Amino acid sequence: MKVMVIGSGGREHTIAWKLAQSEKIDEVICVPGNGGTSKEAKCKNENGDAVEIATREKIDFAVVGPEDPLADGIADRLWNAGIKTVGPKAKGAALEASKDLSKEFMKKYGVHCASSETFTNKDDALTYIQKEGAPIVVKADGLAAGKGVVVAKTVEEAKKAATDMMEGEFGEAGKKLVIEDYLQGVEISVLAAVSVSEEIAKQNKACIKAFLPARDHKRLLDGAKGPNTGGMGAVCPLTDVSEDTMLAFEKNILQPTLRGLIEEKMDYRGFIFFGLMLTKDGPKALEYNVRLGDPETQAVLPMMDFDFAELCLAIMDGTLCDFKMNWKDGFQVAPVAVSGGYPLQYPKGKLITLDSKKIDAIGAKVFFAGASSNEDGKIVTSGGRVLACSAHGKSFEDAWKKAYSALECINYYGMFYRKDIGLPGAAESN
């Protein structure tokens with residue numbers, strides 16, 4: 001089979017790598033891909049319109065990585081062109097593209113989440129913040145590259161965040177705000193496969209299956225300090241998540257979400273990523289993301305002890321309920337290396353050198369994100385989050401040592417990474 005992966009980040013490199021491991025897959029076309037996917041076995045990069053490339057190359061199915069093209073309807077276009085696609089159509093993708101819509105969806109179907117109010121008028125938002133007090137959470141309604149959420153510890157901080165967002169910090173994404181109650185607890189991520197369409201629902205085969213829980217580390221510096229980022233590393237699974245917690249998640253968040261997707265007649269054949277807060281009252285949904293998480297994907301997919309291509313086929317053809325997901329024993333640790341200056345301004349085009357033999361001997365895998373190939377075919381930095389170094393171990397300590405030993409085999413100008421991914425005190429808690 002020939003497949004396509006749409007996107008250019010570390011998540012897409014990981015998806016392409018995992019698909020290429022399948023005996024069913026002969027070629028993976030990455031649109032546009034990155035410097036890592038261009039060198040991956042069975043993979044090649046192509047630039048251009050995804051639908052045109054998919055049609056020309058006669059691909060068997062596509063997997064859409066990022067949220068932006070999903071919100072813009074790329075899955076609708078691909079299906080309309082006869083291309084099977086893993087990724088929700090635009091109606092389902094709106095669950096991430098609009099936080100207001102997703103909160104209304106949660107309330108309508110009884111998904112356990114924080115109470116919230118939505119505002120389109122700045123003065124009304126500021127009055128509400130003054131009345132409610134702090135801590136409080138201010139969210140831009142639209143897509144803001146994972147940075148449109150401020151957990152404000154003071155009223156002044158919340159008012160500044162609301163003002164900045166509504167005055168254009170994130171463009172149109174911040175013109176509408178969702179302001180919600182602050183939840184006390186620690187955050188986790190649960191990625192899941194989703195197979196819902198009207199036809200699948202009529203056959204009583206609509207399904208959501210959760211993956212192992214994972215944790216992203218958003219703050220730039222050790223000890224969960226510094227500015228918010230797109231993610232400085234991830235671990236999977238989690239020792240602080242009990243079976244009872246996952247059962248509560250299934251009952252109070254996952255199943256109500258499935259009911260909502262069916263009732264709203266969404267064509268949602270893809271992945272969903274639940275951002276959760278573990279509170280004293282059980283897990284609460286923070287947000288929906290309509291794709292796999294980044295960098296969680298770099299820690300979760302290597303833990304899969306099954307054929308990822310077969311999972312994608314099950315999602316699309318409505319057999320997900322019967323699909324058995326087996327997981328490796330042990331742990332996966334995936335710290336992220338970034339460009340110096342990230343998440344603000346940072347240089348690009350810096351040569352990345354790495355000792356592949358040593359990294360392979362350690363048992364780690366490098367997933368590139370903000371990296372591209374230069375005219376000489378060498379990999380150089382092209383973004384803030386440059387790469388993740390993911391390693392598996394029978395114990396967390398074993399996985400952690402491998403991942404960080406492998407990072408020491410990589411170098412580029414301004415390279416920076418946290419030294420505490422997955423360690424006690426590294427996870428941000430509210």
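This is a predicted model: local features need pLDDT of at least 70, side-chain atom pairs count only at pLDDT 80 or more; totals for chains, interfaces and linings use all residues.
What covers the buried residues of helix α5 includes α3 (67-71), α6 (99-109), α10 (243-263), β15 (268-279) and β16 (282-289), where covering rests on contact, meaning heavy atoms within 4.5 Å. Residues are numbered from 1 along each chain as its sequence is written, and side-chain values use heavy atoms, with hydrogens and water left out.

Within α5 itself, residues 90-97, the buried positions are Gly-92, Ala-93, Ala-94, Leu-95 and Glu-96, buried being under 20% relative accessible area with a 1.4 Å probe, protein chains only. Helices here are DSSP runs of H or I of at least four residues, and strands are runs of E of at least two, numbered from the N terminus.

Turning to the sheet, four strands form an open, antiparallel arrangement in the order β6-β9-β7-β8, pairing being counted if DSSP finds at least two bridges between two strands. Its edge strands, β6 (116-119) and β8 (149-152), each pair on one side only. Five bridges join β7 (136-140) to β9 (177-181), and Val-137 stands opposite Glu-180 in β9.

Finally, α1 (10-20) and α12 (308-317) pack at an angle of about 100°, with their axes 7 Å apart; the axes are lines fitted to C-alpha atoms over the stretch in contact, and angles run from 0 to 180 degrees between N-to-C directions. Here Ile-15, Lys-18 and Leu-19 in α1 meet Phe-308, Ala-309 and Cys-312 in α12.

Methods: Buried means under 20% relative accessible area, exposed over 50%, partly exposed in between (1.4 Å probe, protein chains only).
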